[in-house]
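These are my notes from going through one model. I wrote down what I looked up and what I found.

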Amino acid sequence: MVPSTLTRAQFDTFWKNGYLTVADAVTPAQLTALNSEIETWVEESRGHNMPYGPPTLDGRPRFDMGAEHRADKPALRRINNPSDISDVFLDVMRDAATVDIVADLIGPDVKFHHCKINLKLPGSDTTVAYHQDFLFTPHTNSDVVTALLMLDDVTEQNGCLRVVPGSHEGPLYSLFDGSRFTGAVSREDEACLLARSVPVTGKAGSVCLMHTRLAHGSAPNASDHSRGLYICVYSAADAFPIAHNPMPSPNEGIILRGEKARNARLTEANIEIPEQPKSASFFTVQGQDSAGD
Ligand SMILES: O=C(O)CCC(=O)C(=O)O
């Protein structure tokens, strides 16, 4: 397919490395509106000492804070499907330049799967253990892209995403420890992946497009500056989920570009089916307690 929003070089970089960063994926007005909504939510979180609502479609708390959360030092770390409760997040999920970029990469027919915000406020402990998104959200084929919009300037100091270039073409790493779903690769695999990882930094408003099979993780924020990501997961219209959505939304499956697919495209693969989260976020699945635990 000939890309229309991306250059040929950007398109090729994505498929070679498994990721691509593009600046100015949202307008300055959208960025300001997204961040002002987040400020309101951070303020609100000061009045809570455990994960709280409005509940997600599957009845879990939408807002999750780390165990270090205090009224005077909030550690709000996850908002599940913010596009369900906020017009500006809905608008960006449906219509930002990101969606056209995704259509270039895996389109022309693109649909929505789920979205979330990962916040690392200064002083919070949040870590993302290494994993591949495909093993949380397996589909009939791997034309699935995670778009991570940088809500703040993202640096190595404030806990940027780290990715392993080319790993989208390598093996799928188990997220089980024996029969326990840990949502993270083994310690041995993590050490190897970390050694091959590179930082993904950028100015606020940039987006990192990541192939669903790319191995990645991130360290805590060691700076005085917040690090927020608005993460939207999109797929080709003919990629159908083969496990429950870990974050169901009334918007799941809506067609954002092109046409609905009548047929599912199947790629042969052997995939471990993930377990459904019962707690507010995947951070607890990965072993990091929520406030109040
Ligand atoms: O927040 C991050 O640094 C990475 C996000 C991520 O890997 C995820 O939520 O799946």
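**Entry 1: the ligand**

How far is an oxygen atom of the ligand from an N or O atom in the side chain of Asn 118? I found 2.9 Å for that pair. I note here that the model is predicted, so the distances in these entries are computed from it.

I then looked up two further side chains. An N or O atom in the side chain of His 131 is 3.1 Å from a ligand oxygen. For the side chain of Asp 133, the corresponding distance to an oxygen atom of the ligand is 3.5 Å. Of the ligand's own 300 Å² of accessible area, the protein covers 97%.

I looked up where the ligand sits, and it is in the largest pocket. Two or more residues of the shell around the ligand come from each of strand E4 (110–120), strand E5 (128–132), strand E12 (215–218) and strand E13 (227–236). The most comes from E13, which gives three residues. I count 13 residues around the ligand, and those that come nearest are Asn 118, His 131, His 216, Ser 218 and Arg 227.

**Entry 2: Ala 215**

I went on to Ala 215, which is in strand E12. Is Ala 215 buried or exposed? Its relative accessible area is 1%, and the cut-off for buried is under 20%, so Ala 215 counts as buried.

Setting aside residues up to four places away in sequence, I listed what Ala 215 touches: His 131, Gln 132, Arg 162, Val 163, Val 164, Ser 167 and Leu 193. One of these, Gln 132, is 83 residues apart from Ala 215 along the chain, yet their C-alpha atoms are separated by 4.7 Å. Another, His 131, is the residue I had noted with a side-chain atom 3.1 Å from a ligand oxygen.

**Entry 3: the loop between H2 and E2**

I compared two residues of the loop between helix H2 (28–45) and strand E2 (63–65): Leu 57 and Arg 62. Leu 57 has a relative accessible area of 56% and is exposed, whereas Arg 62 has 4% and is buried.

What does the side chain of Arg 62 reach at 3.1 Å? I found the backbone oxygen of Asn 81 there. Not counting residues up to four places away in sequence, Arg 62 touches Tyr 52, Gly 53, Pro 54, Pro 55, Thr 56, Arg 78, Ile 79, Asn 80, Asn 81, Asp 84 and Ile 85.

For Leu 57, leaving aside neighbours within four places in sequence, I found contacts with Pro 248, Ser 249 and Pro 250.

**Entry 4: helices H3 and H4**

Last, I looked up which residues of two helices are buried. In helix H3 (residues 87–95), these are Val 88, Phe 89, Leu 90, Val 92 and Met 93. Among the elements that cover the buried residues of H3 are H2, H4, E4, strand E6 (144–150), E13 and strand E14 (255–257).

How many of the ten residues of helix H4 (residues 97–106) are buried? I found eight, so the helix is mostly covered. The buried ones are Thr 98, Val 99, Ile 101, Val 102, Ala 103, Asp 104, Leu 105 and Ile 106.

Terms used:
Residues numbered from 1 in each chain as written. Predicted model: local features only at pLDDT ≥ 70, side-chain atom pairs only at ≥ 80, totals over all residues. Heavy atoms only, no water. Helix = DSSP H or I, 4+ residues; strand = E, 2+ residues; numbered from the N terminus. Buried < 20%, exposed > 50% of the residue type's maximum accessible area, 1.4 Å probe, protein only. Contact = heavy atoms within 4.5 Å. Near = heavy atom within 4 Å. Polar contact = N/O pair within 3.5 Å; in protein donor to acceptor, adjacent residues only side chain to side chain. Areas by Shrake-Rupley, 256 points an atom, 1.4 Å probe, with all protein chains shown as cover. 1 Å grid on protein atoms, 1.4 Å probe; cavity = no way out; pocket = protein on both sides within 12 Å on 5 of 7 lines; lining within 4 Å. Sits in = over half its atoms within 2 Å of the grid points.
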